[in-house]
Amino acid sequence: ALEAASAANRNAQAVINAERPWITVSVESSGTEEFVFTVINVGRTPANIKSIWSGWLMVGRGQPMELAPAYSQDDSLLGYHPRLLPPDKDCIVGRWSTEQLPSGGVKSVGSGFSFVYFYGKVVYFDTLGTDRHETHWFYRFWPYTEGNPMFFVDAEHPEHNTYT
């Protein structure tokens, strides 16, 4: 009887996971040096978003990478209001442009002396408000592509690209 109850519990959890909201992140270029970051609910039910946080960071080669302290908090810093995000819908979580870099910044990144990252997180609940989930993203800027720089998920820092 205990095994049957355990199997039923695992089956129920699998159904819940299949029906839950899942937030993913994408980035598109809105120009050769401008980027728009978007979260998308690829799940089957609405996501009740509590907070969204995003920012960017420029790090010199050999320097420690320190994410902003607010990244570990649940409060939104960019004025995003809690919202319901239906399945297959998205919302913009950040914009970034090479113009934001200090003078010589693109050259510094292009020569490998500095690295630029765009990162953030979204905290959300399922529609019943019982299960808390987080999506963290961490993209690295790559200026080397001729005439078309890009951001890509940074595989060197998988601890910052997580879903729960």
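Trainee: Where is the place of W22?
Mentor: W22 is found in the loop between α1 (2-19) and β1. Helices (H or I, at least four residues) and strands (E, at least two) are DSSP runs, numbered from the N terminus. The model is predicted, so local features need pLDDT of at least 70 and side-chain atom pairs count only at pLDDT 80 or more, while totals for chains, interfaces and linings use all residues. Residues are numbered from 1 along each chain as its sequence is written, and side-chain values use heavy atoms, with hydrogens and water left out.

Trainee: Why is W22 called partly exposed?
Mentor: Buried means under 20% relative accessible area, exposed over 50%, and partly exposed in between (1.4 Å probe, protein chains only). The relative accessibility of W22 is 32%, and therefore W22 counts as partly exposed.

Trainee: What makes the nonpolar surface patch that includes W22?
Mentor: W22, V42 and Y163 make this patch of about 290 Å². Patch residues have over 30% relative accessible area and no salt bridge; like charges are joined within 9 Å, and nonpolar side chains (Val, Leu, Ile, Met, Phe, Trp, Tyr) within 5 Å. The areas come from the Shrake-Rupley method with a 1.4 Å probe, and for residues only the protein chains shown count as cover. At 32%, W22 passes the 30% limit.

Trainee: What makes R44 and E19 a salt bridge?
Mentor: The term requires a side-chain nitrogen of Lys or Arg within 4 Å of a carboxyl oxygen of Asp or Glu. For R44 and E19 the N to O value is 3.0 Å, so the pair qualifies. R44 lies in the loop between β2 and β3 and E19 in helix α1, so this bridge ties together parts that are 25 residues apart in sequence. R44 is exposed at 58%, and E19 is partly exposed at 35%.

Trainee: How many salt bridges does the rule give?
Mentor: The count comes to 3. One of them joins E134 and R132, with the closest N and O atoms 2.5 Å apart; E134 is buried at 13%, whereas R132 is partly exposed at 38%. In another, the side chains of R140 and E156 meet at 3.5 Å, N to O. R140 lies in strand β7 and E156 in the loop between β8 (150-153) and β9 (162-163), so this pair ties together parts that are 16 residues apart in sequence.

Trainee: Is R140 buried or exposed?
Mentor: R140 has a relative accessible area of 11% and is therefore buried.

Trainee: Why is the pair of F35 and F141 called edge-to-face?
Mentor: Rings of Phe, Tyr and Trp (its six-membered ring) pair if their centres lie within 6.5 Å; planes under 30 degrees apart count as stacked, over 60 as edge-to-face and the rest as tilted. The structure holds 14 aromatic pairs. With ring centres 6.0 Å apart and planes at 75°, F35 and F141 form an edge-to-face pair. The pair joins strands β2 and β7 across 106 residues. Both residues are buried: F35 at 3% and F141 at 2%.

Trainee: What makes F37 and Y139 an aromatic pair?
Mentor: Their rings are 5.5 Å apart centre to centre, with 70° between the planes, and the pair is edge-to-face. F37 lies in strand β2 and Y139 in strand β7, so the pair ties together parts that are 102 residues apart in sequence. F37 and Y139 are buried. Ring pairs link both into a cluster with F35, W56, W96, F118, F141 and F151.
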